[in-house]
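User: I want to learn how to read strands and a ligand site in a model. Can you take me through one?

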Amino acid sequence: MADIHRINFEPVDIEMEVGEEESILDAAFRQGIHLMHGCREGRCSACKSYILDGDIQMVNYSTFACNDAEAEEGYVLLCRSHAFSDCTIELLNFDEDELLGGIPIQNVRTRVTALEPMTKDIVSLLLQPVEPEIFEFKPGQYADLQIPGTDEHRSFSMATTQSTPGQVEFLIKKYPGGKLSGLLESEISVGDELSLAGPYGSSTLKEGHVIPVVCIGGGAGMAPILSLLRHLSETGSARQVHFYYGARTSQDLFYLDDIIELGKNLRDFAFVTCLSEAMDQQ
Ligand SMILES: Cc1cc2nc3c(=O)[nH]c(=O)nc-3n(C[C@H](O)[C@H](O)[C@H](O)COP(=O)(O)OP(=O)(O)OC[C@H]3O[C@@H](n4cnc5c(N)ncnc54)[C@H](O)[C@@H]3O)c2cc1C
Ligand code: FES
């Protein structure tokens, strides 16, 4: 069995254990410590931290997220980092409320209750949690859906909120041949079981904040924003909300009426759609 090492996080003074075979970020989740993160794939840099002491090696990451000079200086991406000694790590970015108080990661068995086309290549997938019957998450978070018959998973943002606990919606762009999204063409259908793990992601609304919310997304990237809008609307938020949504053509726009309806419950809502191929439509 691989060696176990101790990690001390500064300046929050939290300690945990990590095995050499697991990433430091995964070890933190396993022990209920919610470090700042985004993609969990070494691509976004949200988990970038600084090694104060110890032997840490990074695997399989993008140099856009952590370039060679930064890596040389001691910066690491915790989602792609393995510890080979006891270490002290400085967290550059952390949310004190989330750190030890985030929603625990759940493994949920779900059933497909609907699979509807939204555009020519985006589908709405509705999953009903079966075991446990409730999947807890915050608006703006995402889950890992397991690719049936494999140990692999893909990440997808929830589009719904806790107001519909029996129906968790995902908006998924279909890539022909895609290991997961490709299955939505004909292999996955209503009644099938899918396993998910989550919630992950730090792109959530912070309690008590009043500053304007600006959301920018395109294509299936509407999902986490729709979850945020649904939540803001359900809670009658007084925050100013602007949503800029990009698509290729007018045929690629969807949920427009729903979004306008959600905006009616908000005090100051603006919704702007932007088309990159609008001229081709004329
Ligand atoms: C945090 C996070 C949240 C996400 N949320 C969503 C979401 O809400 N909705 C959603 O649809 N997707 C989302 N994704 C992307 C999703 O996880 C998968 O990467 C995507 O569905 C492709 O997986 P696949 O198994 O179908 O394709 P794969 O088998 O992984 O790839 C199949 C082929 O498609 C190509 N391909 C894969 N992804 C892309 C891409 N983005 N652009 C161009 N070519 C590509 C690959 O190069 C490959 O040739 C999210 C990803 C992350 C990291
Ligand atoms: S680089 Fe995105 S979470 Fe680590």
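This is a predicted model: local features need pLDDT of at least 70, side-chain atom pairs count only at pLDDT 80 or more; totals for chains, interfaces and linings use all residues.

User: Which side chains of strand β15 are buried?

Analyst: In a regular strand, side chains alternate between the two faces of the sheet. Strands here are DSSP runs of E, at least two residues; helices are runs of H or I, at least four; both are numbered from the N terminus. Buried means under 20% relative accessible area, with a 1.4 Å probe and protein chains only. In β15 (residues 240-247), V241, F243, Y245 and A247 share one face and are buried.

User: How many bridges join β14 to β15?

Analyst: Strands pair if DSSP finds at least two bridges between them. β14 (residues 213-218) and β15 run parallel, joined by six bridges. I216 is opposite Y244 in β15. The chain goes from β14 through helix α4 (residues 222-234) to β15, a right-handed β-α-β crossover. Right-handed means clockwise from first strand over the helix to the second, with the strands pointing away from the viewer.

User: What about β15 and β16?

Analyst: β16 (residues 268-275) pairs with β15 over eight bridges, in the parallel sense. Q240 faces D268 in β16. With helix α5 (residues 256-263), these strands make a right-handed β-α-β unit.

User: Which residues come nearest to ligand 1?

Analyst: Near means a heavy atom within 4 Å. Of the 15 residues around ligand 1, R154, S155, K179, L180 and S181 come nearest. A polar contact is a pair of N or O atoms within 3.5 Å; within protein, one must be able to donate a hydrogen and the other to accept it, and sequence-adjacent residues count only if both atoms are side-chain atoms. A polar side-chain atom of R154 is 2.8 Å from a ligand 1 oxygen atom. For S181, a polar side-chain atom lies 2.6 Å from an oxygen atom of ligand 1.

User: Which element gives the most to this shell?

Analyst: β11 does, with four residues.

User: Is S124 buried or exposed?

Analyst: S124 is buried, at 5% relative accessible area. Its side chain makes a 2.7 Å polar contact with that of E169.

Note on methods
Residues are numbered from 1 along each chain as its sequence is written. Chains are lettered from A and ligands numbered from 1 in the order in which they are written. Side-chain values use heavy atoms; hydrogens and water are left out. Buried means under 20% relative accessible area, exposed over 50%, partly exposed in between (1.4 Å probe, protein chains only).
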